[in-house]
Amino acid sequence: SMEGGGYGRQKHFHRADLLHGKCEDAPSIVEAVQFHGVRITKGDALLQEVAELYKSSNVDELVKNCHLAARHLQEVGLMDNAAALIDTAPSKNGYIVNFVVREPKSFTLGAKVGMSTQGDADMSMHAARHSVNGRGEVADASYTYTVKGDHSFNVSLSKPLLGWQRYSGIASSLSRSFAYLPWNKSNLEENSLVLGYHNNFWGRKLLQQIRLNAIWRTLLATKESAFAVREHAGHTLKVSAEHEYSFDTRDRPILATKGVLAKFGQELAGAFGIGDAAFVRHQLDIQAAAPLFSKFFLAASFHAKRIESMGQNELHLLDRVYLGGQSDLRGFALNSIGTRIDSSCVGGGCGVAGAVHLYRPLFPADSLFAHAFVASGSVASVRSRNLMRDLVESQRVSVGAGVTFVFKNILRLELNYVHALKKTASDSFSRGLHFGAGINFM
Amino acid sequence: MAAGDSVLIGLVEEALSMHVDSEWHEAKLYTPFFKDQAQLYEFADCLAVQTFLRMAQLPVQTKQRPNTEFISPTGEMPVLQMGSILIPGFTGIVDLVRKKDAGLSSHLTDVQKADMAAQMAVIDNILRRVEMYIVWLHDETYSRVTSTRFGSVYKWPLSSVLPVLKRREMREKMNTIDWANKTLVDVMEAADKAFRCLSCHLGTQDYLMGSRVTEADALLFGHLFAILTTRLPTMELSNALRKYPNLVEYAERVENEYFKK
């Protein structure tokens, strides 16, 4: 609430919850919206953000809308900090809204040591420029290299699409990477251009993502590669469009204690004969978590992926379905589940996997958890004639228990003792302790 | 005793030849696409290997692939695959066959073998390099023939980008052997010297090393046939070869002998 002040008198501001819910019948007219602390943010961007405020008809609505506007400014990255102060205006029922804001640091530079999704230590350096054109755009460049010699360089540009309660944006990125693929003992060079658009609906519960990819890959076989892998070596170009819808009510994506995730996506590559890779991919991910007795909670997840070649050639190795690794079927080597030839994995055309976890928080309660799990999955060959039969016959099951550590919603680390209940003779599975790091775990 | 000996020798020979046959099982030869992709020297080497295997009466199944360069462990083409063995290049394949005692030069003396190696070196070190120079470093040939052929197995934009990158790589390679700075005239002189040397050595004989075919004949035939039958913007190499009629007649004769019967 506020007091109108005359000249020379100090203004005192009070928290809005004093008035909240009590002023529905106090009419309000917004006379002006002012911003304090703006240097580079453009006026039209700010206008897009706060235009709706002028439509507030009573004080209650005004207070709520100001709060939403301030929060939105921070969430889309236009401002680092924003606080709304409502002041009375001289006219009858008139109010002036002042936003005290702090713009994001225009330039950030960082270096960090971390862990790649394959469990190798890596070091990355990045530079970012915020609000490049005054409308919340972010331009950033980063370079990462791992101890095993993989390295990648990425330049990306992203821009939020501003507007009242609008959470959408466009992004583009250009990157170049070099990595060793342990599951087929070969090296992969990739040069890629990705253009993306994302949008949130239904109170940010529904997310839509659309992406256009153009990726030039070079697969180079090594002395240890199987001939079946060599046959796919060389340059290929993948030009594809993909879209993904996800419904997410989980309380914390990195390790949910309650909520549901349902994600469905498709990718079409090689449309109109552009590029070498031509396929259609369908993917479904479902996760659910719920509390049980005492402090325990149960989480289950399901994943299904089907890739079908659309062209005359069989699916290229790099476009196939792989399973295995410390973030899905724990205990099996990364991407090692699929058709196996000479201790290499050449993937498959369809895969399903599921896992059930029982968690109990340890100390500290939101970072360290003990968990036990059962994970199962299988991949049917690219040439499979009876998918259901092949998926059922080649099922692998692993069980285990261990600890999970979640670091600030950024990274999840796991240390598990894993045992295989069911696997095929040629699988790359080792019983014992396994360490996993990453963001998306099944 | 003598009769028993010959039976024994016969049995041993049979066992050895069976050994070779059972080891020469389902051999596959990977080559680039002859019609649209293979460059002059690649076609020459692939044909040389095919001719050699015909001369040695070893059956092989030729498979044309767009990415043979990457299937090969060293980038050399063609690539012979037999079971888990993968051998790239003419020299490697000839060595493999010699190890299985199915080579064509076992009747030569050591001096003749050295001589044959010298003739093959002329083809390897001079003739093939001339071919590579014309294909990659001669501007007109590169822009009208080479770049289209190299990019023919890719879609745009790779079909435009990759030939440029490959040309840069070949120029580096030629630079390390000091051929990048030669002019076409220098290169043609070297070709002429090579042809003269080979023509001289062939003389009026049936084959390079006398009256029996050897590996050197396969290699020579491969390159001569490729030069005579490939149409390039510059016909200088083909014309230089036609100045030595015994080589042209030799190529026709080997073709009739091994490919038309």
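How much accessible surface does chain A have, and what share of that surface belongs to carbon and sulfur atoms? In this predicted model, the total for chain A comes to about 22,500 Å², and carbon and sulfur atoms hold 59% of that area (Shrake-Rupley method, 1.4 Å probe). Of the 442 residues in chain A, 43% are buried, meaning under 20% relative accessible area with a 1.4 Å probe and protein chains only.

Chain A has four helices and 21 strands, taken as DSSP runs (H or I over at least four residues for helices, E over at least two for strands) and numbered from the N terminus. Along the principal axes, its C-alpha atoms fill a box of roughly 85 × 55 × 40 Å. Among contacts (heavy atoms within 4.5 Å) in chain A with a separation of 6 or more, 55% join residues 24 or more positions apart.

Over in chain B, helix H2 (residues 40-55) and helix H4 (residues 90-99) have axes that come within 10 Å and cross at roughly 15°. Axes here are lines fitted to C-alpha atoms over the stretch in contact, with angles from 0 to 180 degrees between N-to-C directions. H2(B) and H4(B) are therefore roughly parallel (angles under 35 degrees). On the H2(B) side, B:Ala48, B:Val49, B:Phe52 and B:Leu53 make the contact; H4(B) brings B:Phe90, B:Ile93, B:Val94 and B:Val97. That gives eight nonpolar residues, no polar and no charged, with Ala, Val, Leu, Ile, Met, Phe, Trp, Tyr, Cys and Pro counted as nonpolar, Asp, Glu, Lys and Arg as charged, and the others, Gly among them, as polar.

Residues are numbered from 1 along each chain as its sequence is written, while chains are lettered from A and ligands numbered from 1 in the order in which they are written. Local features need pLDDT of at least 70 and side-chain atom pairs 80 or more, whereas totals for chains, interfaces and linings use all residues; side-chain values use heavy atoms, leaving out hydrogens and water.

Methods: Angles under 35 degrees count as roughly parallel, over 145 as roughly antiparallel, 65 to 115 as roughly perpendicular and the rest as oblique. Buried means under 20% relative accessible area, exposed over 50%, partly exposed in between (1.4 Å probe, protein chains only).
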